[in-house]
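Please read these notes with the model open beside you. They go point by point.

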Amino acid sequence: LTSKRTSIEQLQKSLPVYNCRQRILKELELNDTVLIMSETGSGKTTQIPQFLLQAGYAKNGVIGITQPRRVAAITVARRVAQELSGNIGDTVGYTVRFEDCTSKNTKIRFVTDGVLLRESIRDRLLLKYSVIILDEAHERTVNADLLFGIVKDAQKERRKQRLANLKVVVTSATMDIDHFGKYFNCKGMYLEGRTYPVRVMHAKEEHEDYVHTVLVTLFHIHRTTPRNHDVLIFLTGQEEIESLAHQIRQLAKIDMTGTTDLRVFTLYAQLSQGKQLECFLPTPVNVRKVILATNIAETSITIPGIRCVIDCGFVKEKSYNTSDGLDVLKSVRVSRAQAWQRSGRAGRDADGTCYRAYTKKEMDSFTDATQPEILRTNPTSMVLQLLALDIDCNNFDFLDAPLEEGLRSAYKSLDALGAIKSGSVSHITPLGRQMVQYPLDPKYSKLLLTASSFGCMEEILSLVSVLSSDHVFVSNSDKNEIATLAHAKFQSKHGDHLTLLNVFNAFSKTEKPKMWSHDNYLNLRSLTYARNVRRQLAEISERLNLAFNSSDDIEMIKKCILNGFFENIAVLQRDGFYLTVSGNIRAKIHPSSVLHGKYKPSYILFTEIVQTEQTFLRQVTEISFEWITEIVPFVKNIPSR
Ligand code: ADP
Ligand code: MG
């Protein structure tokens, strides 16, 4: 144990932020806000909170650190707890959506930006905190952007009311220091990083199939470099990652006669926490670790041992069309800043190599930096959050203000959802205030808040919970007939929402969840997660005094879903495609749907739009034209059949 301590201390002292400790503390003493910029891995996230703790900043309040993602909040909290030789949840803790691992002893608290934002609704001055570190500011998530303004406002208000000052530290790996400096009215500190040289190799010619390029490159690396050089591969999303992981595992077996000298890990947001954490574990010296990850591994987390990076050059991003307000998930080119971030991941521990699956010329056409999320996603949820804080968007101090047109469509949606007074842009309704009590998109909150009036609260609670948890069905890239057969018994002819509800209900009844999930090719972790979510949503609903009724009337359940998802209606066309009512997007039913390849209902509602080479509607349910006119009469221009 002593030697472990010494080695941790040695590591801490070797980090670039260590030498700047005094400078950082001095700056923060003199100023309320400090901007710190330095390379990934220099110790910002794990060390700065400890400096502040040791300097006494936690005497009259908690040191809060925001992270853009759950996995980052959890892993860094654990790491800091370990560095302080404590248990997680004691001095150091974390709170992420649906999970709180803190206690009254907690001094350093890692939270996702969504969690802090929701806290600010109850406590606008953020009185619990003495310092807030807005970490990974360059990620520019909508929630982080809102927090910038909220934290600035809390500082001002606390000064005005002569309360203890709120200190703010903004840190980032690649931040536009001028832009942030002007906004926060402070100087930036640039800390020299400590990285090793990374050799960058581009594809010699353009490739259509980047997944194939990635695969070939990986085996080239595997043949030509020592086994302890671990590989990090950037891909776009879950399906791509799982399918490539499967291929690699198969090929590794054929290539290497029995013994595994290559272990594949996957890392993406929808993966359960436990699975996400597996890739941080070391592998034996003669076994190469290969991690297939989304951009989740780009900055906030540190995976030791990576010497090679393969960058596919794409990223899955939510983007939307301001006129119709529908978010579409699609793969787009990374920005040049992202490409450099990715290659930097190879030079953390020693010299490294980055292989880019695109040519130098292709890279010239990439944009310089990724657009902030606030400029490219549907602002409905954000507008409602601000209204709950009694802030009118038009008066909010945005770092980058969202587009007028997008705001207009957000107000339209909120009006239709009943969250704001009709025709108003500043009056939130009691229903709207209730909506923000749930950590959910307003559509889903609406379902929960109206479910009692449809007589199906219990069912909607289950449904929303299971929708919050992804990949309930276990499948692999082989068409597995046994799995298909096992899943068939849950199938509802009405569509995916009721199918998922059937799965969840059956799961809730079983006494042996582990065996049952295994036998039915279902993901135990996802279902357990959904059950946890359900408990918490039920607690909130109870606080709101909603009636817990239950119904097996499928029509009522479907009508209830429609009353929240009226923007997600699509109508069958003569050519077999569906046309979405908002946005006129032509799409097909996603292959994972129970309705795929079967009879095509004239009207459906869907959970999301996914764009790969084709455009798909994921999770669909049949509805009828009459219900649209009955439940959501304000939805216009729908042809009757
Ligand atoms: P930054 O926030 O500047 O990117 P971090 O504070 O996250 O840097 O990490 C600093 C260093 O701490 C890393 O370079 C790595 O050496 C070490 N480290 C961080 N997290 C872990 C972890 N989970 N396991 C092992 N080492 C870690
Ligand atoms: Mg960090």
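**Notes on the model**

1. Helix 6 (residues 113-122) has Asp113, Gly114, Val115, Leu116, Leu117 and Ser120 as its buried residues. Buried means 20 or more other C-beta atoms within 10 Å of the residue's own, exposed means 12 or fewer, and partly exposed is in between, with C-beta atoms placed from the backbone. Helices (H or I, at least four residues) and strands (E, at least two) are DSSP runs, numbered from the N terminus. The buried residues of helix 6 pack against strand 2 (62-67), strand 3 (92-96), strand 5 (108-112), helix 7 (142-160) and helix 14 (380-388). Contact here means that the C-beta atoms of two residues, placed from the backbone, lie within 7 Å.

2. A word on the basis. This is a predicted model, in which local features need pLDDT of at least 70 and side-chain atom pairs count only at pLDDT 80 or more, while totals for chains, interfaces and linings use all residues. Residues are numbered from 1 along each chain as its sequence is written, and chains are lettered from A and ligands numbered from 1 in the order in which they are written.

3. Helix 14 deserves a look next. Of its 9 residues, 9 are buried, so helix 14 is largely enclosed by the rest of the structure. Its buried residues include Met382, Gln385 and Ala388. They pack against helix 6, helix 7, helix 15, helix 16 (430-435) and helix 17 (442-454). Just after helix 14, Asp390 takes a positive phi of about 60°.

4. How do helix 14 and helix 15 cross, and at what angle? Their axes come within 8 Å and cross at roughly 75°, helix 15 being residues 404-417. Axes are lines fitted to C-alpha atoms, for helices over the stretch in contact, and angles run from 0 to 180 degrees between N-to-C directions. The two helices are therefore roughly perpendicular. Angles under 35 degrees count as roughly parallel, over 145 as roughly antiparallel, 65 to 115 as roughly perpendicular and the rest as oblique. Thr380, Val383 and Leu384 of helix 14 meet Leu407, Ala410, Tyr411, Ser413 and Leu414 of helix 15. This contact has 6 nonpolar, 2 polar and no charged residues. Ala, Val, Leu, Ile, Met, Phe, Trp, Tyr, Cys and Pro count as nonpolar, Asp, Glu, Lys and Arg as charged, and the others, Gly among them, as polar.

5. Ile374 sits in the loop between helix 13 (360-364) and helix 14. Ile374 counts as buried, with 22 C-beta neighbours inside 10 Å. Leaving out residues up to four places away in sequence, Ile374 touches Val142, Asp145, Asp400 and Pro402.

6. Now the ligand. Around ligand 1 there are 16 residues, and the closest are Gly41, Lys44, Thr45, Thr46 and Thr302. Helix 4 (44-54) and helix 5 (70-83) are the elements that give two or more residues to this shell. A residue is near the ligand if its C-beta atom, placed from the backbone, lies within 6 Å of it. Helix 4 gives the most, with 4 residues. The shell divides into 4 nonpolar, 9 polar and 3 charged residues.

7. Helix 4 and helix 5 also pack on each other, at an angle of about 50° with axes 10 Å apart. That makes helix 4 oblique to helix 5. Thr45, Thr46, Pro49 and Gln50 of helix 4 make the contact with Val76, Arg79, Val80 and Glu83 of helix 5.
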